[in-house]
Amino acid sequence: MTFVDWTRKRVFVEQADSGGIAKWTSGGITGLSYALTRAMREVLLGADPPVSLTRRAQASLAEWREDEAPGIVHPGGRW
């Protein structure tokens with residue numbers, strides 16, 4: 001981690017040369033892998049998940065993308 005912007009709720013990180021497994025924690029969700037958090041980010045930015053969604057799930061995802069994503073996901077790679 002190189003910097004935490006607490007007002008914008010953003011953390012800036014750099015890849016570690018030593019390797020290891022990245023684990024991300026947020027609120028009640030702990031231990032999510034890098035691959036999972038990146039997939040979540042891509043879906044919030046507009047990628048369609050590779051699963052069938054109910055109408056209710058589609059509506060909820062659209063709401064998240066419109067209301068929540070702009071404050072937590074940056075299209076330039078930072079979140």
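**Entry 1: the salt bridge**

I started with the side chains of arginine 41 and glutamate 42, which meet in a salt bridge at 2.7 Å, N to O. I found 1 salt bridge in the structure. A reminder to myself: side chains of opposite charge can pair when their charged atoms come close.

I then looked up how covered the two partners are. Buried means under 20% relative accessible area, exposed over 50%, and partly exposed in between, with a 1.4 Å probe and protein chains only. Arginine 41 counts as buried because its relative accessibility is 3%. Glutamate 42 has 36%, so I noted it as partly exposed.

**Entry 2: what I am looking at**

This is a predicted model, in which local features need pLDDT of at least 70, side-chain atom pairs count only at pLDDT 80 or more, and totals for chains, interfaces and linings use all residues. Residues are numbered from 1 along each chain as its sequence is written, and side-chain values use heavy atoms, with hydrogens and water left out.

I checked pLDDT, the predictor's confidence in each residue from 0 to 100. The protein chain has a mean of 80, and 80% of its residues reach 70 or more. Among its elements, H2 has the highest mean pLDDT (90) and strand S3 (residues 23–26) the lowest (56). Where pLDDT is low, the predicted coordinates should not be read in detail.

**Entry 3: the layout**

I listed 4 strands and 2 helices in the protein chain. From the N terminus on, the order is β-β-β-β-α-α. These are DSSP runs numbered from the N terminus: helices are H or I with at least four residues, strands E with at least two.

Of the 79 residues in the protein chain, 13% are buried. A contact means heavy atoms within 4.5 Å. Of the contacts in the protein chain with a separation of 6 or more, 37% are between residues 24 or more positions apart.

**Entry 4: helix H2**

In sequence, glycine 71 and arginine 8 are 63 residues apart, yet their C-alpha atoms are 7.7 Å apart in space.

**Entry 5: two more residues**

I found alanine 47 in the loop between helix H1 (34–44) and H2. Leaving out residues up to four places away in sequence, alanine 47 touches Glu42 and Arg65. Its relative accessible area is 33%, so alanine 47 is partly exposed.

Valine 4 sits in strand S1 (residues 3–5). I put valine 4 down as partly exposed because its relative accessible area is 21%.

Definitions and conventions. Salt bridge = Lys/Arg side-chain N within 4 Å of Asp/Glu carboxyl O.
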